[in-house]
Amino acid sequence: MASVTVSWQEVAEAKRLAILDAIPEKWRIRECIPPATELPDVTGNYIQGFLSPREIEITEADAVTITKQTSSGNWSAVEATEAFCHRAAIAHQLVNCLHEVFFEDAIQVAKELDAYFGATGKPMGPLHGLPVSLKDQFHVKGVETTMGYVGWVGTFEGKRDDPRAKMAESELVRELRRAGAIVFCKTSVPLTLMAGETANNIIGYTWNPKNRHLSCGGSSGGEGALIALRGSPAGFGTDIGGSIRVPAAFNGIFGLRPSAGRMPYEGAANSIDGQNTILSVVGPMGTSAGSLKLLFKAILSQEPWLHDPLALAMPWRDDVEMQTQSLIEASAKDPSLLTFAIMRHDSVVQPHPPVRQALMLMEQTLKNRGHQVIEWCPQNCQVGHEIADKAYSLDGGEDLTDQIALSGEGKIPQCFIQTGKHWKAREIAALNVQKRLYQKMYMDYWNSTDQLTGTGRPVDAIICPVAPHAAVIPGRYRHVGYTSFVNVLDYTSAVIPVTNADKVVHRIGNPIEYLSDIDEQVQSEYDAEMYHGAPVGIQLIGRRLEEEKILTMADFISRELENALK
C-alpha cells in the first residue's frame, strides 16, 4: 500500500486545531469576538467579562501576592491554577499566544500540592501553588516542544523516534517543580526565535492584547501577551538580542535579562545551538518587579549550578540587595547619592514620540526626587549591534534552512537571520576578540563617569529605550540596536513599564534631523492613530551580574513612577 504524503500545511493545521481542542469545552468562546478595528484592546474589562469575580481577584494578583495566599493556605493551589488555566484559554482565543496546553496535568499537580499542605501544614517551596507559564523552548515531560517549526511536530527537536520525546524535561522546569510551582502551558514563539515579532506557520500571528493592530514582540512574544492578559502571573522567556525585553516593553509588563549563567539553560531547545559568541539567557517575566525577584530567587535556591554545567555557582546575594536598598534609603536624605545616565537614542535610530515621552517621564521622576541624571554617549552602541549581527549569522543561516527543510515550510518574513557565508574558525576567533575589546571599552567608559557624578562612584544604571517604537506595526521591526548591544556586553537589564501611546499627545512634532537612512524609514512609519494604546517600557541597565541591584532599583523606580503618575 502506497504511503500517503501529508503536506506541511496539513500538519500545521492539525497542530493548530489540537491546541484549541486541548481547551476544555466550557472555556471556549462562543460569541463572535469583535475585530481589532472595533475593539483593539482586549485586556481589562473585555477579558474579565468571561470570568467570575473570584477568578478576576485571583488572576489580577501578582506572583508575590499569589504565593503568600497559597503558601498560607488562604487560597488552594487548585483554585489558583484553575483560574489561570481558564484565563489563559480565553487569552489564546483572543491573540494566539499558546503553543501547548496541559491544564489537566497542572490541576493534578495542584491537587498534590494541596494534599501536601494539608498533611504537613507547610508549603512545598518558595513558589508553592504558583502557576507559571513557559516560552516554548523548555521541555516539559509528556508535552511536545515545536518552537514554532512545523518539522518539529511529533518529534524531539526535529528527530523522529527519539526516546527523549516523552521523557525530556528542562532543568528550569525541574527546579520550578521542586520550588512548588505549577507549570500549566507553553507560549508562542516566532519560527527560528530570531525575530522581533511572534509568527509561525502553526498558529499564525500573535497579536498585542492592548492593541491588536500591533505585534506583541518577540521572541518571547506569547509569554508577554499571555501575562499582559493576566492569563499567567509570571513566566520565563529567553533573550539573545532582546527577546525578553522587547515583549515586556511591548506588553506593559516587567522582564529581566540577566547575565549569562545566572539562570539554568540546560535541557532547553534553542536555535543556532552551540553558538557561544553571544549566549542566550533565561529570565523571568511578570506583572511586578517583585514577581521577577521572587522567581529569580526561587530558582537560585535550587542550586542550578549543581545540574547545569554553564550555571554560575552564585546564590542570591542578600548583601548586594541590602547595599542597594541602603543606598536608596540614604538617598531620601541626600538624593544626589543615586546617579543615573540617560541614553536618548543609539546613534542610528531615534525613538518615536511615545518612547521619547516615556524616557522623559522616567528622567523627570528621578530628577524630581533629586537624583542625578547625566547624559550617556550613544556612539558605542552601533559597534555592539554590528558584533551581534555577525554572531547571529556565523553558520550562514544553515540552522534555519535545516529546520524549515524538515517540513518544507517557508521562512517567515520577520526573521532576522540571513543566509550567506559560513564563518571560519579563525574569523570567529577574531570576532570574539573584537567582542572582548568592546566589553573592555564600555567598562572603561562606565568607570569614567565617576568624574561626573560627584559621588566618587560611577553611575548606578543606564536608562534607555527598548526599541524605537511602542510595540510595532507587523512587518516593520527594522532595528534591534537598542537591545542587542546589551547582549554583547552581557549586562543585566530590566524593563519597567512606563506609559501608553496616546494619539492626541504623541503627535509628530517639528521635523527632526535623521541619524541614518533606516532612521528616516522608521520615523516615516510612525502613525499616531495606529499606535494608540500601545504600552511603552524602558530599560534599566546595570553592569554584568548585577541582577540583585537592578531588580531592587527597578522595584524602587516603578513605585516612584506610580506615585508620579497618580
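**Questions about a predicted model**

Author: M530 is found in helix α20, which covers residues 528-531.

Reader: Why is M530 called partly exposed?

Author: Buried means under 20% relative accessible area, exposed means over 50%, and partly exposed is in between (1.4 Å probe, protein chains only). M530 has 27% relative accessibility, so it counts as partly exposed.

Reader: What does M530 touch?

Author: Contact means heavy atoms within 4.5 Å. Leaving out residues up to four places away in sequence, M530 touches N211, H213, L214 and I473. As for T146, it is 384 residues from M530 along the chain, and the two C-alpha atoms are separated by 32 Å.

Reader: Why is A179 called buried?

Author: A179 has a relative accessible area of 0%, so it falls in the buried class. Its place is in the loop between α8 (171-178) and β3 (182-187).

Reader: Where is A298 in relation to A179?

Author: A179 and A298 are 119 residues apart in sequence, but their C-alpha atoms are 6.5 Å apart in space. A298 is also one of the residues that A179 touches, along with G125, P126, L127, H128 and Q302, when residues up to four places away in sequence are not counted.

Reader: What makes the backbone at E157 and L545 worth a remark?

Author: Neither is a glycine, and yet phi is positive: about 50° at E157, and near 65° at L545. E157 lies in the loop between β2 (131-135) and α7 (164-167), and L545 in the loop between β15 (535-541) and α21 (547-565). E157 has 21% relative accessible area, so it is partly exposed. L545 has 14% and therefore counts as buried.

Reader: Where is there a cis peptide bond?

Author: The bond from G218 to S219 is cis, with omega near 5°. S219 is in the loop between β7 (211-215) and α9 (221-228).

Reader: How do you know that the radius of gyration agrees with a compact globule?

Author: The radius is taken over C-alpha atoms, and the rule for a globule is 2.2 Å times the number of residues to the power 0.38. For 566 residues the rule gives a value near 24 Å, and the protein chain has 23 Å, so the two agree. Of these residues, 60% count as buried.

Reader: What are the domains, and how do you know that they touch?

Author: An automatic or database domain assignment supplies the bounds. Domain 1 is 8-30 + 39-246, and domain 2 is 318-565. Their C-alpha centres lie 27 Å apart, and 31 residues of domain 1 are in contact with 39 residues of domain 2.

Reader: What makes a space a cavity or a pocket?

Author: On a 1 Å grid over the protein atoms alone, a cavity is a set of points where a 1.4 Å probe fits but cannot get out. A pocket is an open set with protein on both sides within 12 Å along at least five of seven lines, and lining residues have an atom within 4 Å of a point. Points are joined across faces, edges and corners, and the volume is the space filled by probe spheres set on them. This gives five cavities of 30 Å³ or more. The largest cavity has about 120 Å³, and its lining of 16 residues has G241, G242, S243, F416 and V480 closest to the centre. The largest pocket has about 600 Å³.

Reader: How many residues in the lining of the largest cavity are charged?

Author: Asp, Glu, Lys and Arg count as charged; Ala, Val, Leu, Ile, Met, Phe, Trp, Tyr, Cys and Pro as nonpolar; the others, Gly among them, as polar. The lining of the largest cavity has no charged residues, with nine nonpolar and seven polar.

How values were computed: Residues are numbered from 1 along each chain as its sequence is written. This is a predicted model: local features need pLDDT of at least 70, side-chain atom pairs count only at pLDDT 80 or more; totals for chains, interfaces and linings use all residues. Side-chain values use heavy atoms; hydrogens and water are left out. Helices (H or I, at least four residues) and strands (E, at least two) are DSSP runs, numbered from the N terminus.
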